[in-house]
Amino acid sequence: MLQILKKLKHGVGIRGSMLVTSDGIVVAADLGGDLEEERVAAMASSVIQETQRCIHKLDLGSFYEFVLTAIHGKMVFHDIGVAFLVVLTDKGINLDHTLIEIRGAAFKIKSRAKMSE
Amino acid sequence: MGFFENLKKKRELARLERQVELNPTPSNMAMLAQRYINMGDVDKAFEIAQQGVKAFPNSEKILRAFRYIKKTQLQAKIRELNSVIQKNPNPVAYGQLAMIYKDLGDTHKAVDICTDLTHKFPLSENSYLIIGEIRYQRFHEDLLAKDGQLAIENLEKALELNASNYKALRLSAEIYIEIGLFEKAARNLKQILTFAPTDDGVRRLLAEVEALEAEVGEIEEEEQEWLFIQVENRRQFTNIIRGPEYDKMILPVMGPTATRYTINQDVLKRQINSLAKMPGLMGALAMERETGKILADRIVLRIKKEDLEEMVKTVFRVSHNASLRMDVGSFSAGRVSGDFGNLHLVAMEGILVAILTDPQTKPDIVEGSIQEMMPALSNAVTAVE
């Protein structure tokens, strides 16, 4: 898993990524130097849980991807079943290209997780 | 290039110019800027993109075009500085490169270069100054205690290495005033006057600071952290400095003065109602960012307005909070995708717009509609002091 995250980080503008469960348990992480693992996990967990809760309340099922754009960067939360792939990127990236890389990484992680079941 | 091809390009340019004149949306402006780039007129492209950023500071499309053009303009300089750094690394080249990335808005890259600079030239104050400036800017954007503290930490480090750095002294003095630590602000302003005794702006500011210091009394240095947290909690500076030349000096803040807005609700209603013709629309609403008050809504399909309202408020709150805590600044847009379709959120000055669509509606279509709506939405909201 870590290998996939490391490879993902080589992508243009990707600052780091982690696999985290919706309750905030870190499965694997490869974050940049200035990103604190615990903080990212806690924030990711809060975004995932609260968003899921609201979607359930509207009876809309669940979400598989959340792309969040902020002034100085972007965050992508991608559901891989047992956990979420959380990716932090620079703000100037072309998200269309980066999303392809992220979805590819998510697919590989999902496949490996299935194989190891 | 043939005559006819040339004519065709000129006509296309004239068409785009007319389009921007009649309907200055971020998409149209980005297209016109791109056309100028293709024609090799980078300066004109920059001018258009700059106008676009000024009119639509939250539009990702125009911001991306602006950064791309600015980077194109600076590409030669970036290459030159990278080559200098490889052959003959020196603090000036590192500093210039970091400043270029800072001005391009790529603060992560700028900080990376500064970190490299600190490792290679630990006695250069440049890296601390640039990181201090970046944090200073963010402190002003988001009012987060962490940004203010990091700004001061870096600016003070720059001053340890060069006690006469004008910029570090001035920026840190401004922050000390904004949080209410007048003694430290006065100390830094006095330091500026030792080597720039004719700086009247600083002299006047110092007089104001000393008057406030006498009025407020002594504040312990240990309270610095608490003062920053106060700014973050109240979402406002303790004191505001007006004007770059300090001509209006300091304005003590007497009560909650976070920016207020007057909103033309009719315009918002028209815009939200106009979405009704969008195929696959499940619901759309516009609300006040600060209060969550609904300003306009259009619910089309099987969902309760109250539930959508709660969802939008909650997703915005957690996303904004996470963005600030993960050090990427304020939330500006989001797209939540699921089997249900997509929820699009756009945060603008004073308002938040949300559009929920079914799975058949392509996100590009919704995002295009949002871009089209932006001029009207921006005009509907006016900041009042």
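This is a predicted model: local features need pLDDT of at least 70, side-chain atom pairs count only at pLDDT 80 or more; totals for chains, interfaces and linings use all residues.
On the α5(B) side I found B:Pro91, B:Gly95, B:Ala98, B:Met99 and B:Lys102; on the α7(B) side, B:Asn126, B:Ile130, B:Glu133, B:Ile134 and B:Gln137. Contact here means heavy atoms within 4.5 Å, and helices are DSSP runs (H or I, at least four residues) numbered from the N terminus.

I sorted that contact by class: five nonpolar, three polar and two charged residues. Gly goes with the polar ones, while Asp, Glu, Lys and Arg are charged, and Ala, Val, Leu, Ile, Met, Phe, Trp, Tyr, Cys and Pro are nonpolar.

Next I checked how α5 (residues 91-103) and α7 (residues 126-142) of chain B pack: the angle is about 15° and the axes are 9 Å apart. That makes the pair roughly parallel, a label for angles under 35 degrees. The axes are lines fitted to C-alpha atoms over the stretch in contact, with angles from 0 to 180 degrees between N-to-C directions.

Then I looked at α9(B), residues 166-179. Is this helix buried or exposed? Eleven of its 14 residues are buried, so the rest of the structure largely encloses it; among them are B:Leu169, B:Ser172 and B:Tyr176. Buried is under 20% relative accessible area, exposed over 50%, partly exposed in between (1.4 Å probe, protein chains only).

Last, I looked up B:Arg79 in helix α4 (residues 60-87) of chain B. B:Arg79 counts as exposed, because its relative accessibility is 55%.

Local features need pLDDT of at least 70, and hydrogens and water are left out of side-chain values.

How values were computed: Residues are numbered from 1 along each chain as its sequence is written. Chains are lettered from A and ligands numbered from 1 in the order in which they are written. Helices (H or I, at least four residues) and strands (E, at least two) are DSSP runs, numbered from the N terminus. Angles under 35 degrees count as roughly parallel, over 145 as roughly antiparallel, 65 to 115 as roughly perpendicular and the rest as oblique.
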